[in-house]
Amino acid sequence: MRLEEKVLKKFTQCQKTLAIAESCTGGLIGNCLTDIPGASAFFLLGITAYDNAAKTKILGVPSALIIKHGSVSPQVASAMAQGVRKILKTDDGLAVTGIAGPGGGSRNKPVGLVFIALSTKEKTIVKKFLFKGTRLAIKSKAAQTALKMLAK
């Protein structure tokens, strides 16, 4: 069974809904989910919030949070996941933010740094990853890791 199918099975069995806010993955997670028939039963919204203005205006991420911690941070990932969940009042919200490269990295935030947040009504968890490879490889690894988080 493909990972996307596991996510579908889990969400439909639990009768839960999902909204996703993607930055560095550029809509790849939503694309993977909508490749499977029946995804509309649980996947209600996908937003690619690539620019900080989209993160603040659409997802409700406080601009002060972005200024203080940067858009690639656990704090912003958490706020993105909570914000996207609140838009349609879904059960779960998933968010991904990171640096896919090849440029844009720094000593403190290298290329491949990705934060994935999963928000429920009860809590929000954020995980940090450092992926290696090309831009496409980093995007793919981040999307697959996010799908694994959803499947658990």
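**The largest pocket and the fold around it**

The largest pocket of this predicted model holds about 150 Å³ of space. A pocket here is an open set of points on a 1 Å grid over the protein atoms alone, where a 1.4 Å probe fits, with protein on both sides within 12 Å along at least five of seven lines; lining residues have an atom within 4 Å of a point. Grid points are joined across faces, edges and corners, and the volume is the space filled by probe spheres set on the points. The lining comprises 14 residues, of which S23, C24, Y50, G98 and I99 are the closest to the centre of the pocket. Both α3 (52-57) and β3 contribute at least two residues to this lining. Sorted by class, the lining contains five nonpolar, seven polar and two charged residues. In this count Ala, Val, Leu, Ile, Met, Phe, Trp, Tyr, Cys and Pro are nonpolar, Asp, Glu, Lys and Arg are charged, and the others, Gly among them, are polar.

Residues are numbered from 1 along each chain as its sequence is written. In this predicted model local features need pLDDT of at least 70 and side-chain atom pairs count only at pLDDT 80 or more, while totals for chains, interfaces and linings use all residues; side-chain values use heavy atoms, with hydrogens and water left out.

The protein as a whole has six helices and five strands, arranged from the N terminus as α-β-α-β-α-α-α-β-β-β-α. Helices (H or I, at least four residues) and strands (E, at least two) are DSSP runs, numbered from the N terminus. The C-alpha trace spans about 45 × 30 × 20 Å along its principal axes. A compact globule of 152 residues would have a radius of gyration near 15 Å, and the 14 Å of the protein agrees with this; the radius is taken over C-alpha atoms, and the globule rule is 2.2 Å times the number of residues to the power 0.38. Buried residues account for 47% of the 152 residues, where buried means under 20% relative accessible area, exposed over 50%, and partly exposed in between (1.4 Å probe, protein chains only). Of the contacts (heavy atoms within 4.5 Å) between residues at least 6 apart in sequence, 61% join residues at least 24 apart.

Leaving aside residues up to four places away in sequence, D91 touches Q15, K16, T17, R85, S119, T120 and K121. A polar atom of the D91 side chain lies 2.8 Å from the backbone nitrogen of T17.

The backbone also deserves attention. Most residues other than glycine have a negative phi, and most peptide bonds are trans. Q15, in the loop between α1 (3-14) and β1 (18-22), has a positive phi of about 55° although it is not a glycine. Q15 is exposed, with a relative accessible area of 70%. K89, in the loop between α5 and β3, likewise has a positive phi of about 55° without being a glycine, and K89 is exposed at 69% relative accessibility. A cis peptide bond, with omega about 5°, joins G101 and P102; P102 belongs to the loop between β3 and β4 (113-119).

Definitions and conventions: A polar contact is a pair of N or O atoms within 3.5 Å; within protein, one must be able to donate a hydrogen and the other to accept it, and residues adjacent in sequence count only if both atoms are side-chain atoms.
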